Amino acid sequence: MTHIAIADQPAEMHHPHSFVTKYIWSQDHKVIAIQYGATAISVGLIALVLSGLMRLQLGFPDTFSFIDPSDYYQYVTMHGMIMVIYLLTALFLGGFGNYLIPLQIGARDMVFPFLNMLSYWFYLLSVLILLASFFVGGGPTGAGWTLYPPQAILRGTPGADMGIVLMLVSLAVFIIAFTMGGLNYVTTILQARTRGMTLMRMPLSVWGIFVATVLGLFAFPALFVSAVMMAFDKLLGTSFFMPAVVSIGETLDYSGGSPVLFQHLFWFFGHPEVYIVALPAFGLVSDVLSTHARKNIFGYRMMVWAIVAIGGLSFIVWAHHMYVSGMNPYFGFFFAFTTLIIAVPTALKVYNWVLTLWQGNIRLTVPMLFAMGFIFTFVHGGLTGIFLGNVTVDLPLSDTYFVVAHFHMVMGVSPVMVLFAAIYHWFPKITGRMFNVTLGKIHFWATFLGTYAIYLPMHYLGFLGVPRRYYAIGNTDFIPDSATALNANITIAAIFVGVVQLIFIVNILWSLFKGKPAGGNPWDATSLEWQTPETPPGHGNWGPRLPTVYRWAYEYSVPGAKQDFVPQNVPPEDVEMEPGAGPYREHTV
Amino acid sequence: MSLLQTLTETPWNSHADEASAVAAHAGTPSVAPQRVALWFFLGIVAVLFALFSVAYVVRMDLQDWRPMPESPALWVNTGMLFLSSLALQWTRMNLHRNAARVRAGLLLGALTTIAFVVGQLLVWRAMSADGYIVYGNPANSFFYVLTGLHALHILGGLWVWIRTGVKVRLGASPDEVRLSIELCSTYWHFLLLVWLVVFALLSYT
Amino acid sequence: MAFIVAIVLLVAASLLLHWLSPWWLTPIASNWSAIDDTINITLWVTGFVFIAVNLFMAYAVFRYRFNKNRRSRYEPENKKLELWLTGFTTVGIVAMLAPGLFVWAEFVSVPEEAHQVEVVGQQWQWSYRYPGEDGLLGAADAVYISPDNPFGINPDDPNGQDDVLVTSQEMHLPVDKPVKLLLRSKDVLHDYSVAQFRVKMDMVPGSVSYLWFTPTSTGSYDILCEELCGIGHHIMRGRVVVAGEDDYQNWLTAQPTFADTQSAIGGDPLAGQAHFAICASCHGSQGEGNQALNAPRLAGQAGWYIKRQLAYYRDGIRGVHEDDVYGRQMAPMAATLTNDQAINDVIAYIETLPKTKAETTVSGDIAKGKAIYEPTCGICHAPGGHGVWSVNAPVLVGMSDWYLVRQLENYRAGIRGNHLGDEFGFQMRSMVSALKEADAINDVVAYINTLPEAAPDEQASVTTGGAQ
């Protein structure tokens with residue numbers, strides 16, 4: 001397979017013709033990407049509905065008889081798990097990673113197409129196992145997405161019998177799927193770049209996906225280890241994580257295990273996981289911003305270094321999720337220090353995004369709106385992260401609505417903004433058609449303003465001390481009725497945002513069949529995927545010959561050039577210049 | 001070019017010498033992608049076992065830890081795994097020299113590997129018969145998890161190895177199986193190393 | 001253009017919400033005002049960055065909006081600018097981190113003079129242990145936990161005998177004295193959190209975590225569990241009362257020691273039989289209950305439950321709500337049992353009575369009832385309805401079904417479970433929210449009617465809290 005995927009001549013590639021080999025058992029990275037994307041978005045919609053149900057209970061407690069406490073905690077758990085793992089991780093890496101890597105580095109496909117296909121089917125299997133837990137006795141687990149033992153496997157938690165077991169199995173299968181896909185992504189990026197595509201000429205999307213995949217490959221084993229050990233505790237009665245406990249009146253046979261050990265393992269995965277989602281988002285949004293600002297990404301090298309530095313640092317900050325976990329409190333010094341260090345490269349990325357806009361020539365397209373919406377929400381979510389990363393400030397705020405608001409801004413809204421930016425940006429390439437701009441703009445405004453209306457006030461409930469993961473706040477002395485009223489308003493905003501996503505679905509489906517033909521490069525972009533001979537790209541991507549790359553992916557608005565963009569694969573001598581401007585190269589060095 | 005040099009390139013200038021860039025990436029990688037993927041995979045497995053080992057050491061310090069007795073049979077199994085690693089290396093070295101030795105090496109490697117796995121199973125049986133059951137003590141639990149996980153990785157490799165052996169039997173040329181044999185031997189050496197670390201961990205405690 | 005306006009308005013709205021928000025840190029009641037200071041420093045620094053970056057972005061979008069006659073500036077990077085920004089960011093980070101670390105250093109080093117109090121968490125209630133006169137807490141371990149020793153104190157440890165045990169949900173602390181709370185859990189992770197004290201810490205089964213503070217103003221504050229601990233997480237509530245030294249000592253000396261609880265006199269069934277004569281007039285001579293007189297079955301009910309309810313009736317916690325017609329009839333009857341000994345005796349007698357299943361009078365949709373019962377009621381009252389002492393959940397199976405219906409209705413209407421002294425009633429108040437539909441109560445009770453009466457060995461765990 002290898003020589004086929006990398007070969008200059010596509011002659012040896014077989015072109016599948018039947019529907020089944022072309023769209024179902026396909027080994028084409030683009031089809032697999034769409035399969036990943038469609039599955040992830042579908043399961044994400046389920047998680048969106050779950051969040052709506054949660055919000056109904058929180059906004060209007062004692063109103064909806066079909067939501068009892070165990071339902072509520074199951075919604076919380078499944079919403080979180082699906083969004084983080086099965087939607088965001090799968091969509092950024094399995095979806096955009098699969099679609100963009102070969103196209104942006106000039107390859108015909110992934111280097112192991114069969115493994116790539118297998119990766120998707122394992123992912124689908126993990127999703128099905130996850131969904132199956134809704135239909136077993138006791139329902140899905142309600143242990144929270146962190147699945148902390150002992151409660152995750154004890155009777156006081158919903159789904160402590162079959163639900164948690166299916167959850168662990170599903171995660172293990174997902175990790176296998178991810179490993180198969182991930183090995184493909186990193187090997188393809190390292191080994192299958194076309195002529196002239198040096199590492200530092202790669203678009204930042206590829207950099208983000210590359211580093212995120214490396215993080216995933218080395219972080220998911222920690223989740224695997226903790227899942228295996230917890231499954232042993234649950235099914236075989238071992239005591240890896242289980243101390244001696246008296247659970248609802250019953251003395252159990254466990255002894256001596258350490259629940260905090262699980263938390264260390266979980267967050268050793270869990271923190272890099274944040275960047276497994278964030279780094280591809282950083283990469284994709286950089287490309288969208290640069291293209292629509294008609295300006296090179298500002299400080300490309302700094303952007304690459306920041307991605308690498310953030311990736312490296314993300315492995316030594318995990319215990320900032322555990323400041324109040326009962327671990328040795330002296331760890332707090334180290335982890336607060338490393339956590340706040342990570343703020344420096346992250347801040348630099350933000351500066352470089354806004355500096356990319358500065359002196360640009362900004363086209364306010366739909367993807368650009370989402371990309372700039374991302375900057376706003378990410379700045380907000382990143383800054384509130386400094387509160388929680390600083391160990392002392394975390395004390396009053398941890399486990400309150402402040403945490404919920406923070407991670408939804410930084411890990412929910414921000415990556416989703418990028419997802420929408422990326423979907424609108426690459427939609428013309430993926431389908432060959434343009435989306436409906438009006439619907440896209442309505443979608444942006446409703447989502448952007450709506451989510452801010454949800455999460456901004458939520459921070460203040462956190463300052464007040466309203467605890468998270470409460471089925472109902474009930475009576476307290478310090479939470480005024482106005483907080484309940486605020487919760488109702490938040491719910492209305494959340495339902496609004498949820499319903500508005502239908503506009504997006506409608507737009508995508510309508511445009512798929514009725515959208516205006518987009519042409520090969522509607523945004524006048526420089527990177528390779530926009531230079532394919534066919535749109536959507538055919539099997540093998542490049543026609544008879546692979547492209548040769550002559551420059552980086554951000555050659556926008558070069559002085560003297562006739563057009564304001566110079567694609568990566570145009571030979572220097574073919575670049576058209578303004579009359580009297582002299583040869584191309586002189587202007588750019 | 002060193003990584004540091006690569007990362008400090010100024011790509012907006014580098015088209016000035018695109019000739020070298022074109023030469024450096026002629027579209028045919030010097031290292032087989034399978035080898036790159038294998039090295040990444042070995043890294044993942046290393047992390048997996050390292051995390052189990054960290055968990056082991058942390059759990060060991062808690063009060064209810066009762067070490068298991070060391071089974072002498074494990075030394076025999078270690079010897080078997082060492083032999084299989086040797087056999088694979090021998091096969092690899094004889095690939096282009098002696099077809100009979102290749103066939104013998106393939107067979108010997110498979111047999112010693114199977115002997116290792118069976119030996120591990122026998123140790124399991126002996127241990128459970130002596131009352132060291134998986135949930136009896138965390139030391140037992142770790143013993144079964146670590147040896148079991150290691151054996152699963154061996155079996156995964158064995159599948160590739162046997163497939164290669166069948167190909168050779170059916171008359172595949174050395175070039176067709178060279179990569180598989182090289183990668184298998186690398187994998188085996190790695191798993192031997194992992195086993196030595198796991199074995200040391202289990203015996204040391 | 002809309003985008004620029006939107007960004008500016010959003011920044012303005014954020015600031016307005018911040019200044020006008022009625023939701024802010026609760027008035028502090030501990031020594032940790034330094035924590036509030038670190039929050040304020042972080043707010044100023046991050047607030048500045050938030051405003052600066054977003055307004056800069058809005059201005060850039062305005063000034064460099066698309067114009068087809070203009071070109072962007074070609075500027076790959078600007079090392080000097082990036083260096084300045086790095087330096088500037090680092091300064092901001094240090095300004096936030098340094099004070100944080102100093103305060104954390106204070107938090108991890110507990111002052112020598114701090115007195116110790118142990119807080120024990122379990123699903124879904126709190127209990128507290130104070131060292132006795134020796135100033136030391138006895139050793140405790142999950143293996144010793146039983147209905148008679150809910151704290152799991154090692155009975156052989158002499159330090160434990162004088163430990164003061166508080167099983168009510170309310171703890172007391174003296175004002176202006178530093179206290180180190182030792183946090184322990186019997187089952188799953190919990191988290192001790194009082195918003196007004198600012199500090200919180202998880203409670204981990206199998207180990208002891210801690211936190212310290214000095215309460216600085218008297219009053220009563222909510223203790224909330226802030227680590228997800230199962231379906232009752234949101235109803236795991238306690239209170240901490242901060243009082244002057246004298247009040248605190250008075251309260252403390254009124255609490256029983258471990259030795260007291262171990263030597264509590266068991267009931268005498270013979271003496272109880274005499275007291276029971278009054279009860280029998282309504283509840284029947286065998287304690288079998290009588291619907292005509294609105295008296296539920298008593299035989300087979302857990303002793304600790306009857307004991308607590310009798311105490312509630314006696315102390316004006318139950319049977320006082322004006323709509324609780326039958327409860328108000330019971331209150332004067334309970335008052336005839338004048339002391340704990342009498343109550344213990346009656347309970348001892350009730351435990352000798354034969355356990356006959358009460359007559360079935362309620363019908364409903366059993367399948368629906370099961371769907372409600374299993375994930376909700378069954379967690380505490382046990383899947384078989386036999387009740388669980390550790391979560392204070394009484395026996396349901398075989399009890400008078402019409403009585404169960406009435407009590408569930410009372411909980412739902414707030415007639416029962418609303419009194420502050422009723423420590424676990426509010427938990428039922430919250431849980432009956434799963435029974436909002438009109439027929440749900442009948443369905444659940446109909447399902448309970450189908451459960452088999454408790455097996456003899458399960459009855460063994462249903463003993464009075466104090467009996468030997």
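Predicted model: local features only at pLDDT ≥ 70, side-chain atom pairs only at ≥ 80, totals over all residues.
Trainee: Okay, and in what sense do β5(C) and β8(C) pair?
Mentor: Antiparallel: β5(C), residues 179-185, and β8(C) are joined that way over 5 bridges.

Trainee: What's the strand order in the sheet they sit in?
Mentor: The order is β3-β2-β1-β5-β8 in chain C, an open sheet of 5 strands with mixed pairing.

Trainee: Which strands are at the edges?
Mentor: β3 (164-166) and β8 (209-213) of chain C, and each of them pairs on one side only. On average, neighbouring strands of this sheet are turned by 25 degrees against each other, if you ignore direction.

Trainee: Zooming out, how is chain C divided into domains?
Mentor: Domain 1 takes 2-67 + 77-108, domain 2 takes 115-262 and domain 3 takes 269-459. The C-alpha centres of domain 1 and domain 3 of chain C are 56 Å apart.

Trainee: New topic: chain A. At what angle do α8(A) and α9(A) pack?
Mentor: About 175 degrees, with the axes 11 Å apart; α8 covers residues 259-293 of chain A and α9 covers 300-313. Because of that angle, α8(A) is roughly antiparallel to α9(A).

Trainee: Which residues make the contact?
Mentor: From α8(A) you have Y275(A), L279(A), F282(A) and S286(A), and from α9(A) there are M303(A), I307(A), I310(A) and G311(A). By class, that contact has 6 nonpolar residues, 2 polar and no charged.

Trainee: And how many residues of chain C are in contact with chain A?
Mentor: 97 residues of chain C, which meet 102 residues of chain A.

Trainee: Which element gives the largest share of chain C's side?
Mentor: α3(C), with 14 residues. Elements giving two or more residues to that side also include α1 (2-20), α2 (33-63) and β9 (219-225) of chain C.

Trainee: What's that side like by class?
Mentor: The side of chain C touching chain A has 54 nonpolar, 26 polar and 17 charged residues.

Definitions and conventions. Residues numbered from 1 in each chain as written. Chains lettered and ligands numbered in written order. Domains from an automatic or database assignment. Axes fitted to C-alpha atoms, helices over the stretch in contact; angles between N-to-C directions. Helix = DSSP H or I, 4+ residues; strand = E, 2+ residues; numbered from the N terminus. Parallel < 35°, antiparallel > 145°, perpendicular 65-115°, else oblique. Contact = placed C-beta atoms within 7 Å. Nonpolar A, V, L, I, M, F, W, Y, C, P; charged D, E, K, R; others polar. Pairing = 2+ DSSP bridges.
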